[in-house]
Amino acid sequence: MRTSGIAPRIAAAVTLAALAAAPAVAPGQNRPPRDRPSLTLDARPTTIVFGSASTLTGRLSGTSRDRGVRVVLEADDTRPYGDSYRNTGMVTTTSPSGDFGFTVNPPQNTQYRAVAQASPPVTSGARLVVVRMRVGLVLSDSTPRRGARVRFSGSVTPAHDGRVVLIQRRGSTGRWATVARATLRDAGDQRSRYSRRVRIRRDGVYRVKAPGDEDHVNGFSRARTIDVHG
């Protein structure tokens, strides 16, 4: 019996059966999938002094239409951050490259996120901007006689009536040591004031520190030099 052509015919039949059983592939289905839509958000700087601004920037990518997309900014300024976002009312649209930006001036520590109203909507990661209290410092005399008292005074914004600020001197190692304390007093709705006389016996560099709280991080005045004579 001749069998030399049976094996090739069986193999061909199996191949045709497998192809017939395979599911049909829709046109374009074998193309690699498009990247998932993404929305970035960055903040610079992430720490500001009260009254200053931070710039939030980001980019929308991976959608069929990255430009001209409406982007809404949301914020949460209560701890724990991230569970009670609110619409800030700030809205922009993406540029031809998908970029967008906002300028914010938060009065207290605030976490932000952006929501692009694409289809479907895309939400960015969160960015926290922390706010330092603004501390002013005025010296009654920067060249006092040895042992004289110098008045340290100034204001702290926003208002923190009743809290204590620290008058500090920089040591030889660069570390700051507290030499006196002063209580913040009412100076209107927006700010508090302090005043304290300190006996100065030697040259030094001084500053005033306002310790942070739940809404703000530590604030510092600019450093001031006192030169003692006599």
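## Charges, strands and cis prolines in a predicted model

Setting aside neighbours within four places in sequence, Arg 175 is in contact with Arg 169 and Arg 170. The chain holds one helix and 20 strands, and 33% of its 230 residues are buried.

**The chain as a whole**

- Among contacts between residues at least 6 apart in sequence, 62% join residues at least 24 apart.
- The accessible surface of the chain comes to about 13900 Å², and carbon and sulfur atoms account for 48% of that area.

**Arg 175 and its loop**

- Where does Arg 175 sit? Its place is the loop between β14 (164-170) and β15 (176-183).
- Arg 175 counts as exposed because its relative accessibility is 67%, and the cut-off for exposed is over 50%.

**The positive patch**

- Six arginines form a positive surface patch: Arg 149, Arg 151, Arg 196, Arg 197, Arg 199 and Arg 201.
- Which strands each supply at least two residues of the positive patch? They are β13 (149-157) and β17 (192-199).
- The largest share of the patch, three residues, comes from β17.
- Arg 151, one of the patch residues, lies in strand β13.
- With 37% relative accessibility, Arg 151 counts as partly exposed.

- Is Val 150 buried or exposed? Val 150 is buried, its relative accessible area being 0%.
- Not counting residues up to four places away in sequence, Val 150 touches Leu 139, Ser 140, Asp 141, Pro 144, Arg 196, Arg 197, Val 198, Ile 200 and Ile 226. Two of those partners, Arg 196 and Arg 197, are members of the positive patch.
- Val 150 and Arg 199 are 49 residues apart in sequence, yet their C-alpha atoms are 6.3 Å apart in space.

**Lys 209, a buried charge**

- Lys 209 is placed in strand β18 (residues 204-210).
- Lys 209 is buried but has no salt bridge. The nearest side chain of opposite charge, Asp 213, is 13 Å away, whereas a salt bridge requires the side-chain nitrogen to be within 4 Å of a carboxyl oxygen.
- Leaving aside neighbours within four places in sequence, Lys 209 is in contact with Val 165, Leu 166, Gln 168, Asn 218, Gly 219 and Phe 220.

- Side chains of opposite charge can pair when their charged atoms come close.
- Glu 74 forms a salt bridge with Arg 113, and their closest N and O atoms are 2.7 Å apart. Because Glu 74 lies in strand β5 (residues 70-76) and Arg 113 in strand β8 (residues 110-116), the pair ties together parts that are 39 residues apart in sequence.
- Glu 74 counts as buried at 17% relative accessibility, while Arg 113 counts as partly exposed at 26%.
- Arg 86 forms a salt bridge with Asp 77, with 3.7 Å between the closest N and O atoms.
- Arg 86 counts as partly exposed at 43% relative accessibility, and Asp 77 is partly exposed with a relative accessible area of 22%.

**Cis peptide bonds**

- A cis peptide bond joins Arg 44 and Pro 45, with omega about -10°. Pro 45 is found in the loop between β2 (42-44) and β3 (47-49).
- A cis peptide bond also joins Thr 157 and Pro 158, with omega about -5°. Where does Pro 158 lie? Pro 158 lies in the loop between β13 and β14.

Terms used: Residues are numbered from 1 along each chain as its sequence is written. This is a predicted model: local features need pLDDT of at least 70, side-chain atom pairs count only at pLDDT 80 or more; totals for chains, interfaces and linings use all residues. Side-chain values use heavy atoms; hydrogens and water are left out. Patches are made of residues with over 30% relative accessible area and no salt bridge: like charges are joined within 9 Å, nonpolar side chains (Val, Leu, Ile, Met, Phe, Trp, Tyr) within 5 Å. Accessible areas come from the Shrake-Rupley method with a 1.4 Å probe; for residues, only the protein chains shown count as cover. Lys and Arg count as positive and Asp and Glu as negative; His and the chain ends are not counted. The place of a charge is taken as NZ of Lys, CZ of Arg, CG of Asp or CD of Glu. Helices (H or I, at least four residues) and strands (E, at least two) are DSSP runs, numbered from the N terminus. Buried means under 20% relative accessible area, exposed over 50%, partly exposed in between (1.4 Å probe, protein chains only). Contact means heavy atoms within 4.5 Å.
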